[in-house]
Amino acid sequence: MEFTIINELKNIVQRMDALETQIKDMGSQQHNSKEWMDNADLKAYLNVGDRTLQNYRDNDIIPYSKLGGKIFYRREDIERVLLENMQGQ
């Protein structure tokens with residue numbers, strides 16, 4: 001009887017570990033889905049306007065991709081540019 005209870009507890013712990021792994025995987029998938037930002041996302045993120053983003057693109061300050069007339073930015077590129085241009089480090 002005691003052996004059965006211990007085995008059941010081990011099974012429960014294993015299932016909980018598996019569930020924890022699945023939850024972590026789901027969280028990383030959601031993060032990946034936010035890897036790209038459009039103009040509205042980036043304007044809100046940087047608190048700038050349309051013209052400022054246009055200037056950044058025109059002056060090759062921020063990299064971007066254009067697909068079907070819509071512009072996208074990789075979050076890691078924007079964060080890299082911000083870090084590279086940080087003042088008073």
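Reader: Why does Arg74 count as partly exposed?

Author: Start with the scale. Buried means under 20% relative accessible area, exposed means over 50%, and partly exposed lies in between (1.4 Å probe, protein chains only). Arg74 has 27% relative accessibility, so Arg74 counts as partly exposed. The model is predicted: local features need pLDDT of at least 70, side-chain atom pairs count only at pLDDT 80 or more, and totals for chains, interfaces and linings use all residues. Residues are numbered from 1 along each chain as its sequence is written, and side-chain values use heavy atoms, with hydrogens and water left out.

Reader: How many helices and strands are in the chain?

Author: Helices (H or I, at least four residues) and strands (E, at least two) are DSSP runs, numbered from the N terminus. This chain has 4 helices and 3 strands. Their order from the N terminus is α-β-α-α-β-β-α. Helix H1 spans residues 2-33 and includes Ile12. Ile12 has 37% relative accessibility, so Ile12 is partly exposed. Of the chain's 89 residues, 12% count as buried.

Reader: Where is Arg74 found, and which residues is Arg74 in contact with, leaving aside its neighbours within four places in sequence?

Author: Arg74 sits in strand S3, residues 70-74. Contact means heavy atoms within 4.5 Å. With those neighbours set aside, Arg74 is in contact with Glu35 and Trp36. The C-alpha atoms of Arg74 and Leu42 are 9.7 Å apart, while the two residues are 32 residues apart along the chain. For the chain, take contacts between residues at least 6 apart in sequence: 47% of them join residues at least 24 apart.

Reader: Which residues make up the largest nonpolar core?

Author: The general idea first. In soluble globular proteins, nonpolar side chains tend to be buried together. A nonpolar core is a set of buried Ala, Val, Leu, Ile, Met, Phe, Trp, Tyr and Cys residues joined through side-chain atoms within 4.5 Å. Here the largest one has 8 residues: Met37, Leu42, Leu53, Ile62, Ile71, Tyr73, Ile78 and Val81. Strand S3 and helix H4 (75-84) are the elements that give two or more residues to this core.

Reader: Which residues does Leu53 touch, not counting those up to four places away in sequence?

Author: Leu53 touches Leu42, Ile62 and Tyr73, among others.

Reader: Now the charges. How many salt bridges does the structure hold?

Author: Side chains of opposite charge can pair when their charged atoms come close. A salt bridge is a side-chain nitrogen of Lys or Arg within 4 Å of a carboxyl oxygen of Asp or Glu. This structure holds 6 salt bridges. One of them joins the side chains of Lys43 and Asp50, at 2.7 Å from N to O. Lys43 is partly exposed, because its relative accessibility is 25%. Asp50 is exposed, because its relative accessible area is 51%.

Reader: Which residues are linked in a network of salt bridges?

Author: Arg74 comes back here. The network links Arg74, Glu76, Asp77, Arg80 and Glu84. Arg80 pairs with Asp77 at 3.6 Å, N to O. Arg80 also pairs with Glu84, at 3.5 Å, N to O.

Reader: What separates Arg80 and Asp77 in helix H4?

Author: An α-helix has 3.6 residues a turn, so residues three or four places apart point the same way. Arg80 and Asp77 are 3 residues apart in helix H4, so about one helical turn separates them. Arg80 and Glu84 are 4 residues apart in helix H4, again about one turn. Asp77 is buried, because its relative accessible area is 10%. Arg80 is partly exposed, because its relative accessibility is 36%. Glu84 is exposed, because its relative accessibility is 54%.

Reader: Backbone next. What is the phi of Asn47?

Author: Asn47 has a positive phi of about 60 degrees, although Asn47 is not a glycine. Asn47 follows H2 and lies in the loop between H2 and helix H3 (50-58). At 72% relative accessibility, Asn47 is exposed. Asp60 gives another case. Asp60 is not a glycine, yet its phi is positive, about 55 degrees. Asp60 lies in the loop between H3 and strand S2 (65-67). Asp60 is exposed, because its relative accessible area is 69%.
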